[in-house]
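Hi,

Here is the structure I promised to pass on.

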Amino acid sequence: MMAQKRDFNSAEEVSILSSGVKVEGKLYSEGNVRIDGQVVGDVTVNGNLTLGEGSEIKGEIKARNVTISGQVEGTINSSEKIVFEKNSVVKGDLSCKILVIEEGAKFDGRSSMGSTTPSKPAPVTP
């Protein structure tokens with residue numbers, strides 16, 4: 001009988017920070033994370049990050065995909081997609097390839113999609 005290899009980036013493997021839990025400091029995870037509590041500090045996730053309705057984050061967020069239903073104050077950097085669900089409140093700048101903002105979401109900041117370095121404007125020909 002062969003042992004099965006566990007894939008820590010699979011959809012089944014999710015670390016959960018429940019509501020009522022408050023973390024002060026940096027949070028780092030190799031896999032997927034769901035936060036329903038509060039974090040004051042930076043959050044770095046090599047997988048997907050889900051922020052539930054009761055979540056409150058104050059700090060920088062870095063993850064592959066970010067889905068937000070709670071409140072975020074700080075910058076968000078995603079290598080793929082950011083989704084603001086209808087109850088989300090986000091104050092801060094963000095960078096991603098794909099941005100989805102549902103009706104009812106609140107966003108106050110600047111967004112950058114694609115390359116993080118500004119491209120040179122094309123020359124204008126008369």
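How many bridges join strand β10 to strand β12, and which way do the two run? This is a predicted model, and in it three bridges link β10 (residues 71-73) with β12 (residues 89-91), the two strands running parallel. Within that pair, Glu-73 sits opposite Lys-91 of β12.

Both strands belong to an open sheet of six, ordered β2-β5-β8-β10-β12-β15, with parallel pairing. At its edges are β2 (22-24) and β15 (106-108), each of which pairs on one side only. On average, neighbouring strands of the sheet are turned by 5° against each other, ignoring direction.

Ser-78 counts as buried because its relative accessibility is 9%, and the cut-off for buried is under 20%. Leaving aside residues up to four places away in sequence, Ser-78 touches Ala-63, Arg-64, Asn-65, Val-66, Ser-95, Cys-96 and Lys-97. Take Ala-63: it is 15 residues from Ser-78 along the chain, yet their C-alpha atoms are separated by 5.1 Å. The Ser-78 side chain also reaches two backbone nitrogens, that of Glu-80 at 3.1 Å and that of Lys-81 at 3.1 Å.

On confidence, the mean pLDDT is 87, with 81% of residues at 70 or more. Residues 1-10 have pLDDT below 50, and that stretch makes ten contacts beyond near neighbours in sequence. Residues 116-122 are below 50 too, with one such contact.

Cheers

Note on methods: Residues numbered from 1 in each chain as written. Predicted model: local features only at pLDDT ≥ 70, side-chain atom pairs only at ≥ 80, totals over all residues. Heavy atoms only, no water. Buried < 20%, exposed > 50% of the residue type's maximum accessible area, 1.4 Å probe, protein only. Contact = heavy atoms within 4.5 Å. Polar contact = N/O pair within 3.5 Å; in protein donor to acceptor, adjacent residues only side chain to side chain. pLDDT = per-residue confidence, 0-100. Pairing = 2+ DSSP bridges. Helix = DSSP H or I, 4+ residues; strand = E, 2+ residues; numbered from the N terminus. Axes fitted to C-alpha atoms, helices over the stretch in contact; angles between N-to-C directions.
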